[in-house]
Amino acid sequence: MLLHIPGVLTADELQAIRHGLESATWTDGRQTVGVQGAQVKRNLQVDANDPIRAELAALVESAVRRHPLFFAAALPLRILTPRFNCYQQGGTYGMHVDGAVMQVDAQTHLRSDLSCTVFLSEPESYAGGELVIRDTYGEHDVKLAAGDAILYPSGSLHQVTPVTQGQRLAAFFWVQSMVRDHQQRTMLFEMDAAIQSLRVSNADEDAIVQLTGVYHNLLRQWAEV
Ligand code: NI
């Protein structure tokens with residue numbers, strides 16, 4: 001499931017992040033990938049040790065965590081600290097798959113179930129730079145408004161097409177979900193959405209409570225925490 005999450009960042013947060021990125025230290029994006037990724041990756045990333053990175057990452061992380069759609073779809077157990085990238089002057093990232101296991105710190109690892117990109121540049125301010133995600137239904141081109149996010153399975157092949165004009169800034173991170181299986185997680189998400197609609201339409205309260213119980217009992221069966 002590819003999920004467009006609108007309005008993750010407020011206008012103020014977006015402005016603060018863009019402003020912070022202006023003074024950040026940028027390094028070659030190839031430093032953070034393996035051999036396969038390094039062959040196709042041409043972009044810049046904010047240096048992991050730059051203190052501004054932690055500050056801006058905390059802004060992005062708290063924004064996604066408070067978004068109900070993100071929580072319902074991702075059911076996050078762990079979120080890897082967001083990183084920031086910049087594509088310009090032909091910068092691109094060819095077709096690849098994200099690493100399955102990421103190091104959080106010396107003791108902790110994260111299994112990448114979901115990848116998330118938060119767009120920071122207005123789509124009309126750059127040419128190219130589509131995030132192309134390939135799944136069983138074909139290829140999907142994603143280029144969203146600044147402040148919006150896309151959530152997609154980390155196992156899907158994807159690429160960022162060359163940015164031929166302007167500058168494409170984005171934040172990105174991985175999520176380990178409490179529910180590992182995509183199909184189970186998708187069913188929970190759809191059930192959650194149906195329960196919310198029933199609530200809004202003032203449907204029979206007993207039936208809503210019963211359905212909510214089923215949702216939680218399925219989550220209890222499937223969650224690894
Ligand atoms: Ni990737």
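Predicted model: local features only at pLDDT ≥ 70, side-chain atom pairs only at ≥ 80, totals over all residues.

Reader: Which residues of the largest nonpolar core touch the most other members?

Author: A nonpolar core is a set of buried nonpolar residues joined through their side chains. Here the largest one has 34 residues, and those touching the most other members are Phe70, Phe84, Val118, Leu120, Leu151 and Phe173. Helices α1, α3 and α4 are among the elements that each supply at least two residues of this core, and so are the strands β1, β6, β10, β14 and β16. The largest share, 6 residues, comes from α3.

Reader: What lies apart from this core?

Author: Another core, of 12 residues, lies apart from it, and its members include Phe119, Ile150, Tyr152 and Val160.

Reader: How many cavities of 30 Å³ or more does a search of the whole structure find, and which residues line the largest cavity?

Author: A cavity is a space where a probe fits but cannot get out. In this structure the search finds 1 cavity of 30 Å³ or more, and the space in the largest cavity is about 30 Å³. Its lining consists of Met1, Leu114, Pro153, His182, Arg185 and Thr186, which by class amounts to 3 nonpolar, 2 polar and 1 charged residues.

Reader: Which helix gives the largest share of that lining?

Author: That is helix α5, residues 182–200, from which 3 of the lining residues come.

Key
Residues numbered from 1 in each chain as written. Heavy atoms only, no water. 1 Å grid on protein atoms, 1.4 Å probe; cavity = no way out; pocket = protein on both sides within 12 Å on 5 of 7 lines; lining within 4 Å. Points joined across faces, edges and corners; volume = space filled by probe spheres on them. Helix = DSSP H or I, 4+ residues; strand = E, 2+ residues; numbered from the N terminus. Nonpolar A, V, L, I, M, F, W, Y, C, P; charged D, E, K, R; others polar. Core = buried A, V, L, I, M, F, W, Y, C linked by side-chain atoms within 4.5 Å. Buried < 20%, exposed > 50% of the residue type's maximum accessible area, 1.4 Å probe, protein only.
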